[in-house]
Amino acid sequence: MSVTISTDDLELSCPNCNGQKYVIFNNEKETCPKCDGKGVILTALGQTLLHFIKKHS
């Protein structure tokens with residue numbers, strides 16, 4: 001059996017910074033605290049896959 005997973009299944013654009021990796025706070029550009037400056041957040045499937053990889057490596 002073969003399973004295909006796309007990156008859209010694993011991560012979504014961060015809704016806090018809209019994928020920009022930063023936010024404006026007090027008129028200053030700061031790393032987005034919700035995505036840690038990655039611009040994306042993991043979906044439930046992405047979190048599960050990451051946990052599995054960490055557990056088995």
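**Questions on a predicted protein model**

In this predicted model, four bridges connect strand β2 (residues 22–25) with strand β3 (residues 28–31), and the two strands run antiparallel.

User: What is the phi of Asn26, in the turn of the hairpin formed by β2 and β3?

Analyst: Strands β2 and β3 form a hairpin that has two residues between them. Asn26 is in this turn, and its phi is positive, at about 55°.

User: In what pattern do the helices and strands follow one another along the sequence of the protein chain?

Analyst: The protein chain contains two helices and four strands. Read along the sequence, they give the pattern α-β-β-β-β-α.

User: Is the protein chain more spread out or less spread out than a compact globule?

Analyst: For 57 residues the globule rule gives 10 Å, whereas the radius of gyration of the protein chain is 14 Å. The C-alpha trace spans about 50 × 20 × 15 Å along its principal axes. Because the radius of gyration is well over the value from the rule, the protein chain is, relative to a compact globule, more spread out.

User: What percentage of the residues of the protein chain count as buried?

Analyst: A residue is buried when its relative accessible area is under 20%. Among the 57 residues of the protein chain, the share that counts as buried is 14%.

User: Is Gly46 buried or exposed?

Analyst: Gly46 belongs to helix α2 (residues 44–55). Its relative accessibility is 5%. The cut-off for a buried residue is under 20%, while an exposed residue has over 50%. Gly46 therefore counts as buried.

User: Which residues does Gly46 contact, leaving aside its neighbours within four places in sequence?

Analyst: Gly46 and Thr7 are 39 residues apart along the chain, and their C-alpha atoms are separated by 8.7 Å. With neighbours within four places in sequence left aside, the residues in contact with Gly46 are Asp9 and Leu10.

User: Which residues does Thr43 touch, not counting those up to four places away in sequence?

Analyst: Thr43 is found in the loop between β4 (40–42) and α2. Thr43 has a relative accessible area of 16% and is buried. Not counting residues up to four places away in sequence, Thr43 touches Asp8, Asp9, Leu10, Glu11 and Leu12.

User: How far apart are the centres of the positive and negative side chains?

Analyst: The protein chain has 6 positive and 6 negative side chains. The centres of these two sets are separated by 6 Å.

Note on methods
Residues numbered from 1 in each chain as written. Predicted model: local features only at pLDDT ≥ 70, side-chain atom pairs only at ≥ 80, totals over all residues. Heavy atoms only, no water. Rg over C-alpha atoms; globule rule 2.2 N^0.38 Å. Buried < 20%, exposed > 50% of the residue type's maximum accessible area, 1.4 Å probe, protein only. Lys, Arg positive; Asp, Glu negative; His and termini not counted. Charge placed at Lys NZ, Arg CZ, Asp CG, Glu CD. Contact = heavy atoms within 4.5 Å. Pairing = 2+ DSSP bridges.
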